[in-house]
Amino acid sequence: MQIFVNSKFDFVRWRFYAVSFSVLFMLLGLAMFLKHGVNWGIDFAGGATVTLKFRDAVPMDRLRADLADASIQQYGPPEARSVLIRLPELKKEVDYAGLVVAKLNSDLNPQAAAKLDLNFNGRDRLAELLYSVDPDAKGTVPTAKTYYQDVAQNIINKRSEVGIFTNMAQVTSAPGVTTRIAGVLNDKTFLGAFNVLNQETVGPQVGHDLQQKAMWAVILSTLAMGLYLWLRFDLMFGASAIVCIVHDVLMSLAFLMMINGEFSLNIVAALLLIVGFSINDTVVMYDRVRENKRKLKTRMTLEEQLNLAMNQTLSRTILTSGSVVIVLVALLLFGGKVIHEFAWILLIGVLAGTYSTVTIVPAVAIAWNKFTGRGHDLSGPVARTRTDNPPRQQTPTPQQRKRRAG
Amino acid sequence: MTRGLLWRVILILVVLVGFAWAIVPTKDTPEPIRRGLDLKGGTHLVMRVNVGDAVRLETDQASEMLKAQAKKGNLPIPATKRVNDTTFVAVLPADTPTSGYETIAKDYIPSFDVGRTPEGAMQFKMKTASLTAIERDTITHTVETIDNRVNALGVTEPYIAPESNNRIVIQLPGVDDPARVKDIIKTTAQLQFRLVEGEPASDPTATLNGVAPNMKTEVDILPGTREDALGRAAGVEYYAVRKTVPVTGTDLKNARVQKGQLGQPNVGFSLTPDGARKFGDLTGANIKRRLAIVLDNKVVSAPVINSQINESGVIEGNFTQEQAADLSLVLRSGSLPASLTTLEERTVGPSLGRDSIHQGVLASLVGFIALILAVLLYYKGAGINAVLALLLNLIILLGMMAIFHATLTLPGIAGIILTLGMAIDSNVLVFERIREELRDGKVVRAAIENGFSRAFGTIIDTHMTTIISALFLFQFGTGPIKGFAVTLLIGLFASVFTAFFVSRVIFDVMYKAQNRPTEISI
């Protein structure tokens, strides 16, 4: 199977429409930004999130009454009986999520004063309880401790499997639970109202540090990319690569604004990845321009050269982006909530990267050529914009200079 | 098959077997690739070590030393005051020469520079080198102590490491009771035995009024728990305890939970030989007086000394079994030189981790299969080649992660399948080139030859750009993101190897065997 064999699309001609589209898209993102601001996740804004899974229906009113300043929303499908609680930033460094969980625990689980909550506590507390009661008469030897630890671990594993215990039969069906242990469990433990899936607290200082770090990471990696490509190719390419990267990152950010997505650490990871990946199409295309310059005998304008290279590499571009898009769509559909926005941003970034290669990059190259007023040396003496006069002396590329010097 | 080709095939097989070996679970390594906290459940903590505590302590000790040596040398005892963490001033009586104190400073507190305040008092400022050394030691000591405590809790494979800005990162996989672990980690556990002056009272001033006038400047007022007749906690009361601390937690040899006479849990301790001597002197000379057991500046209990105690004793307080167990644990593991502030905490419960890994694996499988189908459909015979290279890439990637103990995180899983998507790129570049060469009328062998050599530079460039961004990602990231960057980096290196070397060898094996291949499925 083959697509785009000897295609002859005039990409260069579409560049004005493309630039207009990109600008519009970004303006729309900007408008959303002005309207809503950035929806900073707690990684950057500081604050806390707690995700809880409930044994019965979620007591939403109770939660709202308990946590006045929190935003509480359903997490996952209704049958998951889970909520995500977000708490705004505190000015002090305290264990915010921990305090919230403790408060909810004392409110929703009044029995906890006398009994051990199997939906809330971890392995160690349960193991200690069993060890101190010692229903299976193992004594106080060290092996007794491991024995009860294993039983406790099995029970906790069981809980992870079912999500949350809803009845004691689930608990006692865990491997290693003897009749006597079951007796102790029935007597001294109970099944609390919720299980903590996840709790996070980020202090104001860390959040602030991360914002700085993230910004610098994106800026510096963009510049590093430009520098590398300048050395490998030339200045015009380095510069247009930076424009291309900035374009792709801004398009992704604009999209994030449009869906009012949360700006989290994962999003920064996605942006950094876009910086490195979306430029690849452009590298491949420029590589071809350079190769053609060496190989082709006929005189061509810069526009023609760009069009030729883009058409020659078109099927590769589509295939590669296609394969990455395939895996990203799989991530989007099956990867779960935690990386949903990450996958979206990457997807937009990859698409923007492909699109900018055939639209924005030629636009920059041609504009550069016009403003500098000379044929760009990448495309050699034969490359002229259509308005140009006969060729001048060729200026050597850095590589050629190096080759001569070495 | 030619000799060179044979060797290359052997090399590939060795690589394949070697990395596959690394990812096969064995008895010793049931989990060859370590799962990150987000997949396994556990707690990630970033804490700030308040090194100021240790610096302050050093400054206070230096001013005490100055006074003690002045007393010894029959010099007037100066009034000292700490102005900040690293500086204290000593006000001398009028017309006292400073030379005697300067000698003391030189001999006994060499880590301080001596100067003068505008008001004419002596000023002692800690040297920068000493300050740095104290800060460094404090961090090291803190990391060691936390390590001891975490190990005593039985956490498997904890990660505890200092970071910049006096921060430490603590990762505790599998811990599902973060509140308790945090309490244990954060307890400073500075245990002191100090004599009580006067009687405890319900407010600090009343306590101080009960102290003999000549002792008033020699005591600290510390809070403690009041007990009712039945020994239950009932409010707060304040004790006046002497400033001198004859015996501290560092003199302990061991601590463990004991049962008291009524079956209530207590913490029994035994002392080092040196500590036992000091404790014997202290208790022997102060029979019938109260001795306060002070933990982190709170009086835990203040029993009356009935007889001289040498080697061991008991700390009684209103402990639950768990509190007693935790206290004996922190006493055994030593005290922290400075307090800790939690800056960041991320805890993932085991069930969420379980869900995440299920979803991650499912998404990867679907993506991977879709990718294979697409490649096979598009390239047919050569597609098989690409798929083989891709599989080998996956094996190398996972094997490297196992060998280097890299951590697999949820974004890391995304990183893996993304890497595979990108690895395809190299194959695509080569294959498209081969097709072009064929269209230009080249024979099969020359087309393969040119396809690989022409695509080489491009492939290096595309990989380099992604490597650059992965390096920035690594530098920027924490926890899961770092795992993602590592996965990506390993994958990129593996992809150069498979796309170039392996894929080439497969073509050679397929087409070099024939003398003059005339057809290629691509």
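Analyst: Start with a definition: two strands pair if DSSP finds at least two bridges between them. Keep in mind that this is a predicted model.

User: What makes β6(A) and strand β18 of chain B a pair?

Analyst: The cut-off is at least two bridges. β6(A) and β18 (residues 340–348) of chain B have five bridges, in the antiparallel sense. Therefore they count as paired. Within this pairing, Thr201(A) stands opposite Glu345(B) in β18(B).

User: How do you know which residues chain A and chain B bring to their contact?

Analyst: Residues are in contact if their C-beta atoms, placed from the backbone, lie within 7 Å. By that test, chain A gives 67 residues and chain B gives 64.

User: Which element supplies the largest share of the chain A side?

Analyst: α14(A), with 12 residues. Other elements of chain A supply at least two residues each, including α4 (96–108), β6 (194–202) and α9 (204–232).

User: How do the residues of that side divide into nonpolar, polar and charged?

Analyst: On the side of chain A that touches chain B, 33 are nonpolar, 22 polar and 12 charged.

User: Where are the domain bounds in chain A?

Analyst: Domain 1 covers 11–40 + 203–386, and domain 2 covers 47–202. Their centres, taken over C-alpha atoms, are separated by 47 Å.

Technical notes
Residues are numbered from 1 along each chain as its sequence is written. Chains are lettered from A and ligands numbered from 1 in the order in which they are written. This is a predicted model: local features need pLDDT of at least 70, side-chain atom pairs count only at pLDDT 80 or more; totals for chains, interfaces and linings use all residues. Domain bounds come from an automatic or database domain assignment. Two residues are in contact if their C-beta atoms, placed from the backbone, lie within 7 Å. Helices (H or I, at least four residues) and strands (E, at least two) are DSSP runs, numbered from the N terminus. Ala, Val, Leu, Ile, Met, Phe, Trp, Tyr, Cys and Pro count as nonpolar, Asp, Glu, Lys and Arg as charged, and the others, Gly among them, as polar.
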